[in-house]
Amino acid sequence: MATTPQQPAVDLREPASWRRTKNQIMTVLMVLAMLLILVPLVFVLYTVISKGAGIISGQFLTASIPPNVLPASIGGMGPAVVGTLEITGLATLMAVPLGVLGAIYLNEYGKNNLLSRFIGFFADVMTGVPSIVMGLFIFSIWTLHFGFNGVGGAFALACLMLPVVIRSSQQMLSLVPDPLREASYALGSTRSRVTLTVVLPTAIGGIVSGALLAVARAAGETAPLLFTILTVTTTNTDVFNGANTALPAQIFANASSPYTGAQARAWGAALTLIVIAFILLVVARFITARFTKVGR
Amino acid sequence: MHRVRIQKAAVAGGVSLAAVALVAACSSSGSGSGGASSSASASSSSGSGGSTSANVSGTLNASGSTFQTTFQQAAIQAIKQTDPNLTVNYGGGGSGKGRTDLASGVVDFAGSDSPIPAKEVAGFKGAKILYFPVVIGPIAISYNLSGVKNLKLDGPTTAKIFDGTIKTWNDPAIKALNPGATLPSTAITIARRSDSSGTTQNFSEFLVKSAPGVWKLGSSSTISWPSNSRGGTGNGGVDSIVKSTPGAIGYVDYSDAKASNLSMASVKNSSGSFVAPSASSASAAAANATVAPDLTFSAIWASGASSYPVTYQSWDLVNAATKKAAAVKAYLSYLLGDGQKLLPELNYAPLPASIDAKAKAQLSEIK
Amino acid sequence: MSTATSNQQAGPAGALGKRRPLGDRLFQILALAAGLLVLAILILIAVTTSQQASSWFSAEGLSGVFSTAWNPSTNKFGALGFVYGTAISSLIAIIIAVPLSLGIALLLTEVVPRRWSRPIVYLIDLLAVVPSVVWGLWGILVLAPWLQKIYTSIGNGVKGTPVLGSLFGPPVSGASFFTAGLILAFMITPIITSLSREVIATVPVIDREGAYALGATRWEMIRGAVWPHSQAGIVGSILLGLGRAMGETIAAALVIGSSVQITSHLFAPGDSMPAVIANEFGEASGTFRAALIGLGVLLFALTIIINIIARSVVARSTRRSRGA
């Protein structure tokens with residue numbers, strides 16, 4: 001065989017140096033981003049822990065809320081802890097199933113039709129509604145007729161959570177590759193079965209992520225609760241009757257007070273809220289990881 | 001398959017739970033009228049008249065003035081000694097919110113630092129609203145200036161400080177009022193409220209009344225302060241600005257200023273004397289105020305040599321036709337009676353005897 | 001397979017013309033109802049808030065609504081200053097948060113080994129659970145005083161220079177547009193990071209390997225294989241973050257300075273729509289209250305406009321990158 005004409009040899013060396021440098025710069029920048037975001041996290045946590053850890057005790061988590069003037073050793077934030085758990089819990093029960101169902105409609109049934117694009121667009125718009133306007137809204141349609149109760153607060157929080165859950169779930173559902181669906185249809189499944197048995201489990205990791213973010217936000221919201229649950233000093237376990245209170249509302253009220261006892265309670269409540277929410281998130285992620293398909 | 005069933009069940013369960021929750025909420029709270037529910041059984045037979053009745057039971061919801069919050073919290077706890085079944089939930093949120101909540105009927109009484117403005121009257125739909133004055137309190141002008149113990153100020157100088165005309169502490173106007181003090185050349189930092197408040201409203205009313213041609217920013221729950229002023233949320237917020245900024249000056253409720261140990265200025269009143277804020281100087285001011293038949297009055301810029309000129313007052317507003325007459329009467333008569341004894345150690349001022357008596361007499365108008 | 005009964009429907013279109021099982025229909029109706037509920041809630045919000053704000057609109061008229069004069073004691077309620085404040089603080093938040101979030105998301109999916117990504121995910125979750133009121137309190141108690149010193153030195157450094165001076169020059173204040181934007185950025189980073197990470201993780205391995213096989217560096221692989229596939233999802237998550245930044249109430253109210261003004265100085269105090277609503281609602285009544293609710297309506301409208309713009313920009317670039 002004649003020698004091949006002058007062809008450039010295949011260059012098996014490393015990529016050209018400026019491409020390699022660019023790659024390295026980008027990697028450094030990514031690490032930098034990670035480190036940068038750790039800075040405020042560490043500082044916030046340090047502030048909350050240093051101001052709030054001293055007051056945490058069994059009494060703090062269960063005792064009734066004392067007047068602001070009383071020192072930190074008296075009373076606690078029990079009603080607020082219970083209130084946060086019940087109200088946020090109820091809101092999650094309302095918003096997450098509804099949101100996921102809505103996302104299923106948008107992505108599986110509506111596809112790209114006018115209605116789904118409309119709903120999707122307005123869900124995006126709804127994420128920008130300030131929480132205080134949401135509170136006012138629920139005040140006019142619920143509290144005015146049914147009084148102050150935990151359910152009103154739960155509605156307000158659910159309205160805040162719903163658009164985030166819908167949009168993030170829809171996105172995750174759209175990322176499930178079509179061949180998976182088609183394979184299931186080919187086996188003779190109805191659409192609902194395809195959705196529930198193939199699509200949803202594949203997307204569950206992302207859906208849970210979005211839902212958790214929504215719950216975390218709802219647990220920390222103050223303004224909507226001001227209009228819907230009033231405030232109480234003793235625990236109210238009945239979420240449907242009577243005024244209630246929650247940790248973020250108490251944090252805000254106590255922190256603006258000049259009394260040191262009230263301020264200590266505010267920071268203790270802040271630490272409690274962060275710990276409760278974080279534990280819930282970790283547990284939820286752990287459970288999801290168990291149920292998620294291998295390979296993610 | 002097993003996992004599928006779990007997930008299906010979870011979705012179905014979540015939806016049905018939500019549905020059940022909704023239905024239950026509608027059916028159970030639908031029976032209660034607008035306002036708090038639970039046992040509103042006014043089982044007190046001795047509840048008639050103005051005397052404190054033992055063993056009134058029920059739940060009262062209230063919102064409004066944050067100035068009253070400290071007092072309300074103490075009273076709510078204290079009344080449990082005599083009426084353990086009476087629960088009062090005081091939500092704060094501002095006088096405007098309180099009045100609106102009362103007009104909508106979601107609260108049983110509202111705390112308000114000012115009478116109902118004319119434009120809001122229509123919202124009450126002709127209902128008869130009773131004013132019960134419950135607490136008096138001075139507004140302290142706090143400052144952070146090391147070495148200056150007893151700062152003296154008058155209306156016009158204060159106005160010029162707070163609108164930014166006077167910029168440093170060694171300004172001639174301040175020097176003229178404080179001949180003996182060594183005033184540094186530090187810049188003045190104005191500490192004011194970033195949220196709307198009755199304290200701002202009454203403080204600005206003082207400036208309007210005491211410095212008529214000088215103060216141009218009007219009187220309102222929120223003022224267009226100079227842009228280099230620093231805003232704090234709540235009295236606590238203003239407190240912390242004053243505490244942490246040398247050269248700062250701000251206006252705070254006296255009870256909160258005492259809690260933060262701030263230095264307070266003596267203010268020149270309408271009779272020409274410089275008076276320091278205290279419970280007695282505040283009561284003196286209130287005693288000299290002209291009280292209208294409906295029990296509204298203003299203690300700001302009151303006459304009298306020992307009156308503190310920046311004193312204000314707060315009322316609890318009640319609908320005369322309230323459905324919780326017994327509980328409301330019991331609680332209010334506590335506030336007007338034994339409750340007044342709580343005020344001095346909270347650093348408020350009790351009502352002057354004459355006003356207290358008139359308020360107690362008005363209790364009988366709650367049917 | 002051979003037990004396919006006449007009830008079983010093959011394919012989504014039901015081409016075989018047999019009746020669909022009840023469960024399937026019910027599910028579809030349920031899903032549709034959920035979707036419509038979102039719309040219904042939104043319409044209700046728009047209607048009730050507009051109703052309550054109507055007295056403001058009629059009192060001020062269009063020119064009054066968009067004026068800069070906001071003076072409750074003289075009954076003047078012009079909203080422009082607050083619109084500006086919301087726009088600026090949200091813009092700053094997005095400019096800071098997007099590179100940070102995408103950097104972290106890419107780090108988690110491309111660079112960090114699987115073992116290590118779990119703890120980092122938890123760290124981001126920790127960032128997400130900090131309540132907004134705590135961000136606000138920390139912002140005003142800790143961050144603002146510290147930033148004030150930094151702003152002062154930067155301000156003195158650039159004083160007088162043409163562009164930088166008007167952006168970063170004095171007057172400066174710890175509580176300012178920039179501080180609010182910074183706090184908002186910290187709050188929306190978890191959202192954008194988490195969702196983007198999920199989106200990026202679904203890029204098919206084949207695409208990635210293909211890029212590597214062609215000799216791409218990791219960064220080039222990201223640009224060539226990951227980005228086109230996840231573009232829409234990432235933009236969606238950014239829009240969610242933006243919505244949150246624009247609507248965040250308590251944190252903004254505490255750190256933005258509550259001194260409404262339209263100025264180019266980013267280190268100066270300002271005010272934004274949700275912040276002023278939260279701050280002033282307690283004492284407001286009559287036209288004042290209607291004006292505050294009206295600000296909520298304006299924010300609604302602003303969000304709609306921004307979403308429309310964002311979507312059309314994305315649609316155009318998607319068309320371009322996907323090719324014909």
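How many residues apart are Asp178(A) and Arg181(A) in helix α7 (residues 178-186) of chain A, and by about what part of a helix are they separated? Because they are three residues apart in that helix, they are separated by about one helical turn; helices here are DSSP runs of H or I of at least four residues and strands are runs of E of at least two, both numbered from the N terminus.

The structure is a predicted model, in which local features need pLDDT of at least 70 and side-chain atom pairs count only at pLDDT 80 or more, while totals for chains, interfaces and linings use all residues. Residues are numbered from 1 along each chain as its sequence is written, chains are lettered from A and ligands numbered from 1 in the order in which they are written, and side-chain values use heavy atoms, with hydrogens and water left out.

## Salt bridges within chains

Over all chains the count comes to 17 salt bridges, a salt bridge being a side-chain nitrogen of Lys or Arg within 4 Å of a carboxyl oxygen of Asp or Glu.

| Pair | Closest N and O atoms |
|---|---|
| Arg167(A) and Asp124(A) | 3.0 Å |
| Asp178(A) and Arg181(A) | 2.8 Å |
| Arg99(B) and Glu120(B) | 3.1 Å |

Arg99(B) stands in helix α3 of chain B and Glu120(B) in the loop between β3 (109-112) and β4 (129-143), so that this pair links distant parts of the chain, 21 residues apart. Arg99(B) is buried at a relative accessible area of 3%, and Glu120(B) is buried at 9%, where buried means under 20% relative accessible area, exposed over 50%, and partly exposed in between (1.4 Å probe, protein chains only).

In the pair from the opening question, Asp178(A) is partly exposed, with a relative accessible area of 45%, whereas Arg181(A) counts as buried at 7%. Both residues also belong, with Glu108(A), to a network of salt bridges. As for the remaining pair in the table, Arg167(A) and Asp124(A) are both buried.

## Chain A against chain C

Between these chains, 93 residues of chain A are in contact with 102 residues of chain C, contact meaning heavy atoms within 4.5 Å. The area buried between them is about 8,400 Å², with 77% given by carbon and sulfur atoms; buried area is the accessible area (1.4 Å probe) that two parts lose on being put together, summed over both. On the side of chain A, Met30(A), Ile37(A) and Leu213(A) lose the most area to chain C, together 8% of what that side buries.

Two salt bridges are counted between chain A and chain C, and the side chains of Arg285(A) and Asp125(C) meet in a salt bridge at 2.5 Å, N to O. Helix α1 (residues 17-52) of chain A gives the largest share of the side that touches chain C, 19 residues.

## Chain B against chain C

Here 25 residues of chain B are in contact with 19 residues of chain C, and the two chains bury about 1,800 Å² between them, 42% of it on carbon and sulfur atoms. Lys119(B), Ser196(B) and Thr222(B) supply 23% of the area that chain B buries against chain C, more than any other three residues. Across this interface the rule finds zero salt bridges. The largest share of the side of chain B that touches chain C, five residues, comes from helix α3 (residues 95-104) of chain B.
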